Amino acid sequence: LSDLIKADARESHEILKTLGITKLGWRQEVISAVEFLVHSSTRRPPPALDEPDSHATLISSPPALAGVLSDYSTTSACTVALALAEHGFVVCQGGLPSVAEAAAREAADLYAAGRMQPGATSPGAVYAMPQGYASPVPVSFWHPREEPGSAAGGMALLDAKLLAFGRNLAAALGRISAADGFGDLLPFGRADDGGRLEISQEAQLMVSCFSGSGTRYAPHVDNADGDGRKATDLGRCFALIYYLNEDWQPADGGEFRAYLPQPLSRRLGLPPGTVPAMDVAPSADTLLVFRADKLLHEVRPTRGR
């Protein structure tokens with residue numbers, strides 16, 4: 001950890017790569033959360049699926065904001081933007097159960113037809129497996145965006161809802177990051193370089209399947225990682241994850257885990273060096289919104305599809 005703190009940006013990136021921690025880049029916000037990974041990544045094998053965690057202290061998820069995708073006003077997006085700017089992570093309920101059900105059927109058909117491929121960070125990109133990574137990765141399909149006015153299935157309707165909400169959210173975050181005097185109170189409201197947050201690209205909808213047998217995503221932070229973005233682009237800024245798992249049970253695994261900023265440890269009264277983490281069940285109609293370029297996160301091993 002001391003080497004990471006003393007290193008410059010490029011050196012930090014190389015140090016983390018040698019530990020098997022990919023796509024962390026040089027985000028200063030995650031340096032303080034890396035300590036637990038140093039030992040778990042280099043000195044012992046990955047834990048068994050049923051082995052309890054020893055490197056993080058789980059805290060309760062806050063009550064979910066309800067109906068954010070079914071509300072066409074900007075009010076819900078502004079509420080989510082303020083929470084996101086303060087905590088970097090928001091749990092919501094989309095309020096679209098019928099759309100989720102239709103999208104789930106389409107996703108199952110894509111999986112059964114073999115149209116999903118090992119996950120990639122953009123359409124057509126080659127997925128680079130981290131060195132020494134032993135767990136299977138999910139398979140994904142990039143859903144083409146429908147033309148306006150065309151007949152839309154569940155996946156296309158979901159895409160339109162997420163896109164509209166994401167645009168409102170980006171506009172609200174831009175207004176927050178343009179305001180002076182809120183940097184300390186709203187640390188996740190600004191761009192990676194500290195400036196105003198501006199969204200220059202919108203991703204297609206990616207539908208993924210974690211097939212079980214330990215399939216997971218290891219702890220990482222998203223950023224510009226060679227997936228074809230422009231050199232001037234600061235990388236993926238925030239992400240929306242919407243779950244379609246109607247009958248999810250705790251035995252299925254696959255929870256989304258967010259490793260929260262260290263200042264939260266002090267506010268919660270946790271011992272020094274403790275890494276607070278929060279798990280979110282991947283149940284249908286749950287929507288996660290998070291600063292993907294700043295928040296250390298993972299998908300826990302899955303036992304069920």
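## The largest nonpolar core

In this predicted model, the largest nonpolar core has 39 residues, and Leu 69, Phe 165, Leu 169, Tyr 242, Leu 287 and Val 289 touch the most other members. A nonpolar core here is a set of buried Ala, Val, Leu, Ile, Met, Phe, Trp, Tyr and Cys residues joined through side-chain atoms within 4.5 Å; buried means under 20% relative accessible area with a 1.4 Å probe, protein chains only. Helix H7 (154–178) gives this core its largest share, 9 residues. Apart from it lies another core of 13 residues, including Val 91 and Met 278.

Helices (H or I, at least four residues) and strands (E, at least two) are DSSP runs numbered from the N terminus.

## Strand S10

Now for strand S10 (residues 286–290): 5 of its 5 residues are buried. Thr 286, Leu 288 and Phe 290 point one way, while Leu 287 and Val 289 point the other.

S10 pairs antiparallel with strand S2 (residues 89–93) over 5 bridges, and pairing takes at least two DSSP bridges. Leu 287 is the bridge partner of Cys 92. S7 also runs antiparallel to S10, joined by 4 bridges, with Ile 241 partnering Leu 288.

## How to read this

Residues are numbered from 1 along each chain as its sequence is written. Local features need pLDDT of at least 70, side-chain atom pairs count only at pLDDT 80 or more, totals for chains, interfaces and linings use all residues, and side-chain values use heavy atoms, leaving out hydrogens and water.

Notes: Buried means under 20% relative accessible area, exposed over 50%, partly exposed in between (1.4 Å probe, protein chains only).
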